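Here is a friendly note to read alongside the structure. Please keep the view open as you go through the points.

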Amino acid sequence: MSDFLKSLYQAHQQENELPAPKLVADWIDGLMQLLFPAYRNQHYPSYRHFEQTFSSNQLKLLSLLANMQARLSAPADQLQQSFELGLPQVHTSLLADANAILSGDPAATTLTEVLRTYPGFFAIAVHRIAHALDHLEIPLLPRMLTEIAHGRTGIDIHPKARIGHRFCIDHGTGIVIGETVEIGDDVKIYQGVTLGALSVRKDLAQTKRHPTIGNRVVIYAGATILGGETVIGDDAIIGGNTWIVKSVEKGERVYYKS
């Protein structure tokens, strides 16, 4: 038994540079609370207090990168600075997403309701933050973040997926968006949609395996769209429970017929 414990200890030491899952979860929760007042769990009596909270060590990306320098493409403090410089753009994009959900869902009554209670918005928010980290070539952390969103919402978006402006997820449970998916602007997706690959062969890992979705496309519940060469044209409507492995022309409507 002692040899087994020693081997486990050595494995723990080898992975010591990775941030603990709880730290990652606390970090994204804290960041969401600062970015969106609807998430806040405290009152800020002054701007100085708010600024100090934003600058606190536990909300710094450095708190997650502290032991990862050997895996990073640049110094951790440089990555921290780059992430903070890009944060206003991420915030603007997320507000546009939230407003798209508000305008597109008849059940949504206020922006605060969307921000605080809609799982689709939370999944999009975590994705955009994770995508920004992935763009900085930070390993593993983006996947840890998107798996937090996956566990809480049932929405699985790979951090490398490229998603345009004003993205709207309605309901959302069971959505899967693969690594090489490209989504245009003003796209709306309902629950149970899969944007996946035709093949899961490992030797295709570096290829475009997942579909491209054009602008203003609507994809209804349960639709499955597969393949790296599959392109859904602008303004197309994909009906529920459809199975698509070939491209769809601009403006075309595709429905399941029993």
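This is a predicted model: local features need pLDDT of at least 70, side-chain atom pairs count only at pLDDT 80 or more; totals for chains, interfaces and linings use all residues.

1. Lysine 160 pairs with aspartate 134 in a salt bridge, their closest N and O atoms being 3.1 Å apart. Because lysine 160 lies in the loop between β1 (156–157) and β2, and aspartate 134 in helix α7 (residues 119–135), the pair ties together parts that are 26 residues apart in sequence. Aspartate 134 is buried, with a relative accessible area of 17%.

2. How many salt bridges are there by this rule? The count comes to 10. One of them joins the side chains of glutamate 84 and lysine 60, at 3.0 Å from N to O. Glutamate 84 sits in helix α5 (residues 76–104) and lysine 60 in the loop between α3 (47–54) and α4 (62–65), distant parts of the chain that are 24 residues apart. Glutamate 84 is partly exposed, at 29% relative accessibility.

3. Arginine 162 and glutamate 182 also meet through their side chains in a salt bridge, at 4.0 Å from N to O. Arginine 162 is exposed, with a relative accessible area of 52%, while glutamate 182 is partly exposed at 27%.

4. Now for the backbone. Arginine 166 has a positive phi of about 55° although it is not a glycine; this residue is in the loop between β2 (162–163) and β3 (168–170). Asparagine 241, also not a glycine, has a positive phi near 60° and is found in the loop between β12 (237–238) and β13 (243–244). Asparagine 241 is exposed, with a relative accessible area of 54%.

Terms used. Residues are numbered from 1 along each chain as its sequence is written. Side-chain values use heavy atoms; hydrogens and water are left out. Helices (H or I, at least four residues) and strands (E, at least two) are DSSP runs, numbered from the N terminus. Buried means under 20% relative accessible area, exposed over 50%, partly exposed in between (1.4 Å probe, protein chains only).
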